[in-house]
Amino acid sequence: MRSETEKNSVIVRVSDAGAQRSAQGWTSGFLGMLIFSGSLPATRLAVLEFEPLFLTAMRAVIAAFLAMTALGVMRQRWPQRHDLMPLVLVAVGVVIGFPLLTALALQHTTSAHALVYIGLLPLATACFGVLRGGERPKAAFWLFSMLGGVFVAAFALSQGAGGSWIGDVFMVAAVLLCGLGYAEGAILTRKLGGWQVISWALVVALPLTAAVAMGSAPAAWPQVSLGAWLSLGYISLFSMWIGFIFWYRGLALGGIAAVGQLQLLQPFFGLALAGLILHETIQPSMIAVMAGVLVCVYGAKRFSR
């Protein structure tokens, strides 16, 4: 009888610990998503005065120097050899691919329209979570996730709200690379830690990003507004580094597929910022699509495990 009681006590403690980890993961993931919400509006503002290639490289270079400082102060050891390829995939996905492709997309579309594509990120992240992280969500999860993707795709095909097919193609490619970077980063976070993963990924990409920044720098600096400089500062410090510290920790603790669904909330915050800062028109169709997608994400979350 005592043995059975002790066994039940252990099960309860394990269950409580799992629930606590999940709660911490969702909280950390929410903070990361909130920080990312300002990325596209800030990029849209910056790309009006900076070339996309220079902007992508420069934000990574600034963040890399901050990351190297933190790694040095905290005396972090170099990653092991078998961690280098995952770090390269993180760098390709979130340090180079997503920022560059979104900057290119925002030359052809408004940030409000581009933000809708963030609705595809949970599905992309979940797919890579299965392929790379070994997660196995229930069948109903995929049904809700795919239905949410259909809502977003249907909106994109309407070509409304300042969209263009070129911008749409760039955004789809950006989402796929970002999903890969999220999954790889979450897996590594369980071993290295969230801030260490994004910091080492920035360092790995630094030789390339520094070369591109120097090669794409304007010969004569144009008149750049304070808003553009502040936008560059935001996407360098918050979007490229601090946001990932919270986001990767959230994915690692709460599950890649589950916490990844929080990305569906990002368009709501991003749309509000686009309207507030850039004075872009938010059409009712966008809100309707986001409402439908949000219902799908809630259903997907329930069946993520």
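User: Helices here are DSSP runs of H or I with at least four residues, numbered from the N terminus, so which ones each supply at least two residues of the lining of the largest cavity?

Analyst: Those helices are α2 (39–47), α4 (84–105), α8 (165–192) and α10 (226–254), and α4 gives the most, with four residues. This is a predicted model, where local features need pLDDT of at least 70 and side-chain atom pairs pLDDT 80 or more, while totals for chains, interfaces and linings use all residues. Residues are numbered from 1 along each chain, and side-chain values use heavy atoms, without hydrogens and water.

User: What volume does that largest cavity have?

Analyst: The largest cavity has a volume of about 170 Å³, where a cavity is a set of points on a 1 Å grid where a 1.4 Å probe fits but cannot get out, and the volume is the space filled by probe spheres set on those points.

User: And which residues lie nearest its centre?

Analyst: Of the 18 residues lining the largest cavity (those with an atom within 4 Å of a point), Phe36, Ser39, Arg59, Phe98 and Ser239 lie nearest its centre. By class, this lining has eleven nonpolar, six polar and one charged residue, with Asp, Glu, Lys and Arg counted as charged, and Gly among the polar ones.

User: Switching topic, which residues touch the most other members of the largest nonpolar core?

Analyst: In that core of 76 residues, they are Val94, Val95, Tyr182, Leu202 and Tyr248, and the largest share of the core, ten residues, comes from helix α3 (residues 52–73). A nonpolar core joins buried nonpolar residues through side-chain atoms within 4.5 Å.

User: What does Tyr248 touch?

Analyst: Leaving aside neighbours within four places in sequence, the contacts of Tyr248 (heavy atoms within 4.5 Å) include Val90, Val94, Tyr182, Thr189 and Ile198.

User: Back to α3, why does Leu53 count as partly exposed?

Analyst: Leu53, which lies in helix α3, counts as partly exposed because its relative accessibility is 43%, with buried meaning under 20%, exposed over 50%, and partly exposed in between (1.4 Å probe, protein chains only). Leu53 also touches Leu100, Val212 and Ser216, not counting residues up to four places away in sequence.

Methods: On a 1 Å grid over the protein atoms alone, a cavity is a set of points where a 1.4 Å probe fits but cannot get out, and a pocket is an open set with protein on both sides within 12 Å along at least five of seven lines; lining residues have an atom within 4 Å of a point.
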